[in-house]
Amino acid sequence: MIWGIFKRDMCHATRNVIAVIVSMGLVVVPALYAWFNIAASWDPYGNTKALKVAVANNDKGYKSDLIPVRVNVGETIISTLHANDQLDWQFVKSDKAIDGVKSGEYYAAIVIPKGFSADMMTLFSPDIKHAQLKYYLNEKINPIAPHITDQGATTVVNTIDKTFAKTIAQVGLDLASSILHYSQSPQMAEYMRNLNGNLTTMADTLSGASQQVTSYSQLLGSANDIVDSTGKLLASATKAGKQAQNALKQGKSGATSLTSAGANVTSSVNTALDQVSGAFDQVAAKVNKAFDAIGKDSDTAASQLATLSEQISSGESLYDTYITSLNHMRESVEQLPDSDSAKQALLEAIDREITLLEAAKGDSQKLAQQLKDASTQVTQDTAAAERSRKEILNRITSAKQSISNVRDDYATNVKPKIDALASTVSTLISQTDSMITQLSGTADGLDDVTGDVGTNVTSIRSTLGAIAKKLDSSAATVKELITKLETGGNAGDGNSDGGNGGNDASSSDSGESDELRALATANASTLSTLISAPVALHRVSVYPIANYGSAMAPFYTILSIWVGAIILCAMLKVTISDREKAHVLGLGDTLPRIAGPSGPGNASRWGLRLDHEYFGRYAIFALLALLQGTLVCLGDMYFLGVQANHALQFLAVGWLAALVFSNIVYTLTVSFGDIGKAVAVVLLVMQVAGSGGTFPIETLPKFFQMLYPFLPFPHAIDAMHAAMAGSYGNEYLLDMVYLALFLIPSLLLGLVLRKPVIRLNNWVSRNLESTKVM
């Protein structure tokens with residue numbers, strides 16, 4: 001039955017010339033649709049030189065002290081674009097360029113502003129300003145042209161960036177080369193020798209200054225020890241009794257007169273010695289008082305004498321402290337240069353002062369012992385006690401004389417020399433003098449003054465120590481600079497170090513100098529080009545496609561096959577008339593009346609079932625669809641020259657797509673009539689948008705991304721791409737299987753689900769025909 005229907009359809013299609021021409025047209029028209037689109041998009045980006053883009057240069061240029069040559073980036077851009085044929089560059093005034101974009105004469109315009117070069121040169125100033133080109137674009141003329149001109153504008157910007165970086169790099173390399181050549185000249189060598197000599201002198205001066213500051217600091221330390229000893233000696237003398245403290249208060253006027261006259265550390269020492277002498281007078285008075293009380297209260301007198309003995313004994317250690325301070329001062333004086341005329345005299349004076357202090361210390365010790373002995377005798381023998389009084393008073397007189405000797409020798413010999421030394425430490429003496437003048441005569445007051453003086457001396461010594469360290473550090477820095485300059489000079493001259501083999505540092509510097517010399521003597525243009533564009537893009541094509549036309553061929557080929565299927569259903573009848581059924585069944589020209597009204601399946605009682613009608617009429621549709629697919633694929637490969645690495649696979653995709661698409665459209669038409677044809681057109685529109693043939697499916701809206709797997713176009717296009725450029729694994733076979741699976745729902749609709757809608761379809765068809773228009 002199927003073969004009988006197909007034979008009669010072929011006879012009718014070839015019965016006359018018009019039928020043959022129409023049949024041929026049905027095969028050729030889809031191919032023409034594909035070929036025209038593929039040919040039109042064969043190399044669209046290769047013809048962009050016809051797109052007019054205006055360029056206007058208003059740049060005034062820039063010149064500065066840093067770059068004495070006048071720079072005009074705008075002129076460089078114009079020169080570069082003259083040699084560029086990517087677009088049809090039109091060099092006009094800015095007003096005409098902007099007006100041309102508005103009128104549609106130019107697709108776009110690039111205007112270089114007046115301060116473009118100046119803005120680019122702000123790269124070398126703290127206030128960097130971004131240089132901007134003005135880009136005008138007419139987007140209504142064409143949807144693709146803006147993207148092409150954008151690419152042209154991007155090319156201009158990239159060219160400017162590379163040119164600017166290349167220019168700056170070349171200027172820097174030329175400058176480095178000039179400096180290197182100048183550094184090797186005899187004049188530069190003479191400059192370096194003079195510089196090294198001056199730096200050496202400076203380093204020696206800094207080292208000497210550091211040593212002198214250190215000596216001053218040590219002298220101040222010795223003076224500080226003397227001040228401390230003076231304070232302790234004063235405090236010790238006042239322990240002899242309340243009367244000694246009062247005597248210290250009464251001696252304030254004498255101390256004030258001395259401090260106002262000298263106002264220095266030596267005056268403090270003199271005042272201390274006077275106060276010690278006065279203290280001995282008070283001790284003598286207390287001794288007399290104690291001995292006068294022997295007859296009345298011997299125990300009290302003995303107790304007072306014992307107390308005086310202990311107080312004087314406790315003060316002996318302060319003589320040692322004072323002697324130690326003088327020894328420290330002597331050590332500091334010994335560090336002075338031998339050329340100093342005052343050094344030896346001051347040493348002798350200090351030695352004499354130490355001798356006198358030791359004598360005074362001995363008198364104090366004897367006095368303490370006699371007081372102790374007297375404390376035990378006063379209760380035993382009155383006559384012996386009277387002798388002890390005289391001896392003690394004589395010893396006090398001797399001790400006072402020792403102190404007087406110390407004071408006189410100090411004033412005559414030590415004081416003038418210390419005053420001479422005080423000129424070096426005037427800051428310390430003035431501060432100490434201001435402290436000494438504030439002595440109140442009390443032990444606490446004296447302790448405070450000497451404590452403040454000591455604190456100030458410590459602060460000054462700390463400052464002097466820091467200065468000495470700074471001077472040493474500066475001297476070391478200068479010496480290091482001298483070493484580096486000498487090493488650099490030797491490396492630059494290429495000389496050895498005098499036969500001792502050199503060292504690692506000079507070898508390293510020489511290697512660095514050689515590298516710098518090699519860099520500076522290299523081709524500046526080549527290096528600047530490398531710096532301006534250090535990274536080059538190396539394209540590695542995976543499954544390369546020959547051209548844009550070949551890349552678009554699968555989409556337009558598959559699209560034309562679907563269009564061909566719609567044309568077949570529009571031009572050919574999908575239903576079989578009762579007369580044709582009767583001829584196939586051998587029943588003459590008409591079916592018996594018992595067949596009922598004309599329609600699908602009404603001859604089933606004579607053996608012509610619904611599936612016979614479906615496949616019998618579809619056979620001619622399948623034949624013409626295969627011819628369409630064959631023609632369009634062969635034309636793609638051998639007429640247009642579309643890339644096809646696997647020609648047979650390319651043809652197989654066309655054949656399978658023709659069968660699947662023609663079956664889907666045929667099924668929709670045979671099941672729903674004209675409504676089915678409309679559904680086929682809707683499916684066509686949906687697949688044009690959602691197939692991913694032009695734009696990647698990932699760039700489409702979410703709806704199309706979800707719909708993508710359920711459309712036949714994407715699988716057919718992917719299979720054709722694999723046939724053209726190569727397949728990754730089983731990619732080609734899987735896409736062919738996915739495409740063939742669409743026959744299942746199509747056949748299910750045409751053979752099974754079609755029966756319930758036959759009456760509905762007949763009713764719709766009768767109503768449409770009753771309009772006399774549809």
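Trainee: Are Phe661 and Phe713 buried or exposed?
Mentor: Phe661 is buried, as is Phe713; buried means under 20% relative accessible area, exposed over 50%, and partly exposed in between, with a 1.4 Å probe and protein chains only. This is a predicted model, where local features need pLDDT of at least 70, side-chain atom pairs count only at pLDDT 80 or more, and totals for chains, interfaces and linings use all residues. Residues are numbered from 1 along each chain as its sequence is written, and side-chain values use heavy atoms, leaving out hydrogens and water.

Trainee: How many aromatic pairs are there?
Mentor: The count comes to 10 aromatic pairs, where rings of Phe, Tyr and Trp (its six-membered ring) pair if their centres lie within 6.5 Å; planes under 30 degrees apart are stacked, over 60 edge-to-face and the rest tilted. One of them, Phe555 with Tyr556, is edge-to-face, at 5.3 Å centre to centre and 65 degrees between the planes.

Trainee: What is the geometry of the pair of Phe661 and Phe713?
Mentor: Phe661 and Phe713 form a tilted pair, 5.5 Å centre to centre with 40 degrees between the planes. Phe661 lies in helix α22 and Phe713 in helix α25 (residues 712-725), so the pair ties together parts 52 residues apart in sequence. Helices are DSSP runs (H or I, at least four residues), numbered from the N terminus.

Trainee: How many residues of α22 are buried?
Mentor: In α22, 19 of its 26 residues are buried. Just after α22, Gly673 takes a positive phi of about 70 degrees.

Trainee: Which residues do ring pairs link into a cluster?
Mentor: The cluster links Tyr614, Phe615, Tyr618, Phe621 and Tyr666 through ring pairs.

Technical notes:
Helix = DSSP H or I, 4+ residues; strand = E, 2+ residues; numbered from the N terminus.
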